[in-house]
Amino acid sequence: MEDRMLYRTYDELFKAEVIKAKLNEAGVAAWVINKKDSAYNMPGFGHVELYIRSSDEAKVSNVLGTQD
């Protein structure tokens, strides 16, 4: 992940996927890595990470504003 940076972490996969979809629609590449323990579907057992290109950080802020 040469140019990628961790943008945010989430407790729930669907939240990260919604943000990823909004970014992709705006032409910003984003990746979700699910680090939750699959045996437990409860908060506190891992998290979901959303990555973006570091060069897109300003664009991400413009696309999402304060909604993420």
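A30 sits opposite I52 of strand 3 in this predicted model, where strands are DSSP runs of E with at least two residues, numbered from the N terminus. This pair belongs to the meeting of strand 2 and strand 3, which run antiparallel and are joined by 5 bridges. Two strands count as paired if DSSP finds at least two bridges between them. As a rule, the strands of a sheet pair through backbone hydrogen bonds, parallel or antiparallel.

Put together, the 3 strands make an open sheet in the order 1-3-2, with antiparallel pairing. Strand 1 (4-10) and strand 2 (30-34) are the edge strands, each pairing on one side only. From one strand to the next, the twist averages 25 degrees. Helix 1 (residues 13-25) packs on this sheet and touches strand 1, strand 2 and strand 3; its direction makes about 165 degrees with that of strand 2. Contact here means heavy atoms within 4.5 Å, helices are DSSP runs of H or I with at least four residues, and the angles, on a scale from 0 to 180 degrees, lie between N-to-C directions of axes fitted to C-alpha atoms, for helices over the stretch in contact. Read from the N terminus, the chain goes β-α-β-β-α.

Back to I52: leaving out residues up to four places away in sequence, this residue touches D3, R4, M5, Y7, L23, A29, A30, W31, E57 and V60. Strand 3 is largely enclosed by the rest of the structure, because 5 of its 6 residues are buried (buried means under 20% relative accessible area, with a 1.4 Å probe and protein chains only). Across the chain, 25% of the 68 residues are buried.

I52 also turns up in the largest nonpolar core, a group of 13 residues in which Y7, I19, L23, L50, I52, V60 and L64 touch the most other members. Such a core is a set of buried Ala, Val, Leu, Ile, Met, Phe, Trp, Tyr and Cys residues joined through side-chain atoms within 4.5 Å.

Residues are numbered from 1 along each chain as its sequence is written. Local features need pLDDT of at least 70 and side-chain atom pairs pLDDT 80 or more, while totals for chains, interfaces and linings use all residues, and side-chain values use heavy atoms, without hydrogens or water.

Key: Buried means under 20% relative accessible area, exposed over 50%, partly exposed in between (1.4 Å probe, protein chains only).
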